[in-house]
Every structure is written in structure tokens, then in C-alpha cells.
Amino acid sequence: MSLVSKYNIPAPRYTSYPTVPYWDSNLDEENWKANIRNAFRVNNKDGISIYIHLPYCESLCTYCACNTRITINHKVEIPYITAVLSEWKLYLKEFGKTPKIKEIHLGGGTPTFFSPENLGFLISSLLKDAEISDHHDFSFEGHPANTTEEHLKTLYELGFRRVSFGVQDFDPVVQNAINRFQSFEEVKGVMDVARKIGYTSINIDLVYGLPHQTKSSVQETIEQIVKLKPERIAFYSYAHVPWIKPGQRKYNEKDLPDDDYKRNLYETGKSIFLHEGYRNIGMDHFALKHDNLSLAFDNGTLHRNFMGYTDSINKLLVGLGCSSISDTWTAFSQNIKTVEEYVQAVNSGKFPIMKGHILTVEDLMIRQHILDLMCRHKTNFGSSPSDLDILMQSEARLSELIQDKLISLNETEVNLTTLGINYLRNICLAFDKRYWNNLSRSNKFSKTA
């Protein structure tokens, strides 16, 4: 059996620990308020992070596993923005003083579904009660086919300097299967406009393992993209979860590459990225040497949270909008997923909590080790008896990883090998106590290959 087949098992992507299916659901609104107040007091000096979920799309991309709402009715924009700003006011009340904002990220959905004027209103309204950090990082996700110069200008004037464009694949057969269409010319055009305006970092999202993809189609897409020299490239593994996202039933499993071929698609892309001067700085992520993500990897400040990889370690992340997840470092809270219920809760003056989790001492320790593996490709268990106990509990799983040359273990320090970086989720999984104690819930995750 190949390593790819052996390790192609359901596993989290580790934007948190514990991961959402293993939360204890032990958080009520009063506990959440107390966590917010404490986290703000500790972290506001360095600045906080804000993620805003904008769920609307005009059409369904069938590969997508995000929380979306499909509509062509743009009258939904203002009521939703009003609710998001009402939720922000709930946080301001708990903060008790002016927040300093270091990061904002607009995700979705399709943030550029919203008009430039409405996005401008959203961000300017949010910022009027806040201070902007000197070294802030504001970014948004845009569809190349509907991101206009007005979108780019409006957000640039509000402090945005980074934009991420979802491309996935240029092959017309693949695009038809996933119902996602944009041409190379559209991508090049919107990137040219962004750079002309002054954006300093552009990310391109690509996906491997999509229906009908071939090595040649992936290679051709990537060779076109690297000519444009985006500062960052996220090369994601397609997550096939049709039991969660029925839109993925537009195609069959037979239309997807098998485990080994899918890994070959990844290696094809990775070899091009490395040849073109990109560095593999974390799971799925490649960056040019001058980009902040790459510099953060070098200086030890690379971080991973519900927004993915980020270049600074912020321990208070406020998630606004339906399905958004907030993180106070000691607790997680996820918002209600449906738009109508979310709006109703916020408009009644309540935090729209769907579920939450208060981290235990052990959770916090394991979380740090998984973060170190994800962001620094190593971790050390020598700090306390409890730490060593976590290492011992994982011993059998680590032995297999060592045998397969994915990690090395030097007394209490675990280091990823060059090969092991390709199996980062599996290596983190070795320490995920909640996963192994609740294997019946493992089918909540996509496979790692």
C-alpha cells in the first residue's frame, strides 16, 4: 500500500483545536461575554482580528463546502449588513473601550456579491468606533468575474492591501462540472487593476482533486497563474463531502481522481511553485520570499486560525455574520448558520451563538502543539509532566509516523521531515486526543489526500 492510500483518512484541517465536531457545547451567553471581556483586556494593546462572513453568491459552485446562500436578489445586502453591524455593537458593549483592529478579512460566500457602496458602508461603519493598528492587514475574497475596479478602490481607500481571488482551475470541462467560470484574461485583468491601485499582496486559490482534472490541465492552469506572479498561492485539496453539500452530487466519485493520481496532481503543482520561487510555508500554502506570510514563517510569527494562515499571532478573533466562529483563545463560539435566524437573534440583542466550547487546560496544551506543527513544522514536549503525558499517549501513532519517515523524534522534540510536510494533517492527528476518543465522529471530515 502506498503512503498516500495508507494516510488518506478523514481528518480535520486544524483551523482550531478542538475541532468543531468535538466541542463540548458548554458555553452560554454569559460565559461568552466573560471570555470576550477578558480576552479584550489582554489582547487589545496588540490589536484584534475580525472575520466577516458574507454568505451570498449568485450561483452555486458545486465543489464548495462553505456556508452560502444563493440568490440574485441584491436587496438582501443592506438588511444583512445592518445585522452584522448590530452584532459588532454587542462586542463593543463588552469591550468597554475603543478596540484596536489589526486584521479584517471578508470571506463568504462571495464578498464581491455586495456592491462597492455597501461594502464601503459596512467597513466604514465598523471602523468609526475603532482604532486601526499601524501594521494592520485588511483583506477580502473576490470572484475574478465580478470584482470591479470600484470594489478594489473602495476597499483600498479603507485600508485594504491584500485580495484573494478564487480561480480553482481554468480547464473548461472542470469549470463546467464545478459551475465556476472565469477566464485567464479576467484573472489577469483584475490583478492588473489591483496592482495599479496599490494592492501589495494578491493570493490565488487553486484546487486539486476536482472532477475531470488531469495532470496536464492542472499543469496548464498553474503555468498560467505563475506567469502573473501572485504573492501567495493556496493550493487546496478538494474536500468531497456530498453528505454535507448535496451540490457535489452533480458528479460521481468515478469523476474524481483516485488517491495516488490526486497526490500526483499536488506534486505536479508543488514542483512548479518551487521552481518559480515560491516557498511551501504551511499546509496548502505557497508564498514568494518577500511576502509577509513567508517572512512570518521565518521569524516564528506564522499563525493559523479560522481565517487560515495569518502572519501575526492574535489571540482574539471576532467572527461576525452567520456561521462565523470567534476565538478568545480560551473559548470558541460559532454563530447560527441560517441567515434568518442569525438576523433575528442579533436584532433581539442577543449574541447569535449556535454552539461553543470552553477549552480545558489539556485542550490548550494540545492546541499549542498542533499550532507549532502547522506553523513551524516542529514542536517540543519538554515543558511539563502534563506535556510529556500527551507525548506518551501518542507514542504508538508516532512510532508509525517515524517508521514511514514523516517525522523525527529527538527525546521530546518532534520535527517534520520534508516528506512529512505533505502529511501535516495526519501528523497533527496523532496528538488529537478528542478525535481518537470519539472515532464515530470522524466521518465529519474530508479525507487528507
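Is Asn179 buried, partly exposed or exposed? In this predicted model, local features need pLDDT of at least 70 and side-chain atom pairs count only at pLDDT 80 or more, whereas totals for chains, interfaces and linings use all residues. Residues are numbered from 1 along each chain as its sequence is written, and side-chain values use heavy atoms, without hydrogens or water.

Asn179 is partly exposed, with a relative accessible area of 25%; buried denotes under 20%, exposed over 50% and partly exposed the range in between (1.4 Å probe, protein chains only). Asn179 lies in the loop between α6 (172-178) and α7 (184-197), helices being DSSP runs of H or I of at least four residues and strands runs of E of at least two, numbered from the N terminus. Its phi is positive, near 55°, in a residue other than glycine. A positive phi, near 70°, also occurs at Gln168, a residue of strand β6 (residues 160-168). Gln168 is buried, with a relative accessible area of 7%.

Two cis peptide bonds are described next. One joins Tyr17 and Pro18, with omega about -5°; Pro18 is placed in the loop between α1 (3-7) and α2 (29-43). The other runs from Gly108 to Gly109, with omega near 20°, and Gly109 is found in the loop between β4 (100-108) and α4 (116-127).

Helix α12 (residues 361-376) packs against helix α13 (residues 385-393) at an angle of about 65°, with the axes 11 Å apart. Axes are lines fitted to C-alpha atoms over the stretch in contact, and angles run from 0 to 180 degrees between N-to-C directions.
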